[in-house]
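Visitor: Please bring up the model, and then let us go through a few of its elements together.

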Amino acid sequence: MPNAATSAHPTETPALDAIIIGAGLSGMYQLHCLRDRLGLRAQVLEAADGVGGTWYWNRYPGARCDSESHSYCFQFSDELLKEWEWSERYPQQPEILRYMNFVADKLDLKRDIRFKTRVTGAEYDAARNVWHVSTDDGGRFTATYLITAVGCLSTANVPQIPGLESFAGKAYHTGLWPHEGVDFRGKRVAQIGTGSTGIQAAPVIAETAGHLTVFQRTANYSVPAHNAPLSPERKKELMDRIEETRRVMRSTPNGHPFQIVDRSVFDVSDEERRRIYEKQWEVGGLQFRAAFRDILLDKKANDTAAEFLKDKIRSIVKDPKTAAILADIDHPYAAKRPPIDSHYFETFNRDNVSLVDVRSDPIEAVTPTGIRLKSGAEHAVDIIVFATGFDAMTGSLIKLNIKGRDGLPLAKAWEAGPRNYLGIQVSGFPNMFTLTGPGSPSVLCNMPVPIEQHVEWVTDCIAHMRKNGIARIEAKPEAMDRWVAHVNDAAKATLLPEAHHSWYLGANVPGKPRVFMPYAGGMARFRDICNDVAAKGYEGFELTGAERQAAAE
Ligand code: NAP
């Protein structure tokens, strides 16, 4: 990695305008915008051997999107929307991967994506105002702009359980699932984790496993997805309503194609509220939380939804002891990312499924033959499935080994938690853009919406720079401080920080700073803020003209 001060190629012009790291939805769209709209030389570097990002890696049983299919796709092109047909209300992982390949082929993206290439380092060279990027295959790239498109949930969190290496069976993390699949037939399977992933996986694993034991640390709410094939009539209706759907998705706080009903939980009688919750339960999916505007704002309002959902668990699960463990939920509904499911609680009525509460009796060790709890209880298993989530939002960025001005590592800059401006730029890291970074609404939304907004904002910003002879853009430290404070305030205005074990807070990774990472102020508001910043000449950013940059060299 060349050192900024001793770079041996002071006159070399950058080989590329932009390097984009990652070929998921954000990296693909960023490539399209920079290459096909601005005419720039852009190169995507991707560790996998195909496009897809999260949908490339997460091939676990039951993997499916919790956003409805017609909203989980690019909206920027009517042509793409009209040429693709989803088969189900919630698309399965293979269908989403096919969709992403369809987009990549349609836009001819793959010729500028270097697959099987993992970025191992990136360093800003202040003298030349370029980024040097190195890869695991010995590659060296130089570009003016560095754009990370690494996703928010892409670094697997495998708990460091003593003895794991001694396990004689097979162990898999859901986010690194083998392409050939896993044969559970007749096997004793342990699943650790009951987040959105575990709740999707358990019912499918249980269908073939000899026995499935679910190890639950934090009990979780879930609402049925009511997934089903899309009928020809529904497909037509969705196609006819593209404009309306797009309008709704752009106006809602979470980018989903449904509005939050503007009424308080306490505007209606207990009976009426119950009826509304029943109706929402029948509608299913993430829409449940949209029944009232104050579910995520007022603890007492939230309690009504939480109690309804706990009652549902108790009514579905036949064994009262199992039901009690599943319904012993310690956080407000939707304060953690709310899962949706296909027969999750019903799965515990099967003879081949059991539940172990590892909150009261924690996992102490993995042994060659299974899992041992603190009490000494042993569970003999052949396969362990880690549905234990991710080092979310910051993990994949820090792993890139990025160094900004004066060799400042991003890991050091973010020692006490992520700090940036608009989720997109870090002071000390000029011309680096972090798509859907911490401090952006990203994971609190239907992801394609924040992805399109972030990519388009970055594209406009780069276009502005090139048109106006601006060589460098960098967030000002004071703008970053204000944004971090605003992100904190936005979270505090909701019940989100009350889920103390949440990955939103980094609480799932031992030693990670507890900072609420995503922006909870809503996608529509975020879009307005970003547009306003741009309209005011990129307020809060330091823009350096080419001449000043040259003088500094
Ligand atoms: P997660 O929400 O972080 O859940 C991880 C689970 O593993 C939790 O139940 C956690 O318990 C448990 N766990 C972690 N370490 C453990 C340990 N050492 N011992 C026992 N239990 C442990 O991860 P996820 O389910 O993979 O979901 C992550 C996010 O991915 C979701 O919130 C969602 O945003 C996204 N996702 C989306 C979809 C979709 O749309 N299709 C599907 C799946 C996931 P604690 O709660 O006690 O930490």
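Visitor: How many bridges join strand S13 to strand S14?

Guide: This is a predicted model, in which local features need pLDDT of at least 70, side-chain atom pairs count only at pLDDT 80 or more, and totals for chains, interfaces and linings use all residues. Residues are numbered from 1 along each chain as its sequence is written, and side-chain values use heavy atoms, with hydrogens and water left out. Strands here are DSSP runs of E with at least two residues, and helices are runs of H or I with at least four, numbered from the N terminus, while two strands pair if DSSP finds at least two bridges between them. S13 (residues 363-367) and S14 (residues 370-373) run antiparallel, and the number of bridges joining them is four.

Visitor: Which residue in S14 does Thr-367 stand opposite?

Guide: S13 and S14 form a hairpin, with two residues between them. Across from Thr-367, the residue in S14 is Gly-370.

Visitor: Which helices do the buried residues of H4 pack against?

Guide: Buried means under 20% relative accessible area, with exposed over 50% and partly exposed in between, for a 1.4 Å probe and protein chains only. In H4 the buried residues include Ile-96, Met-100 and Val-103. With contact taken as heavy atoms within 4.5 Å, the buried residues of H4 pack against helices H1 (25-37), H2 (54-57) and H3 (78-83).

Visitor: Which residue just after H4 takes a positive phi?

Guide: Helix H4 covers residues 93-106. Just after H4, a positive phi of about 55 degrees is taken by Asp-108.

Notes:
The expected span of a helix is 1.5 Å times one less than its number of residues.
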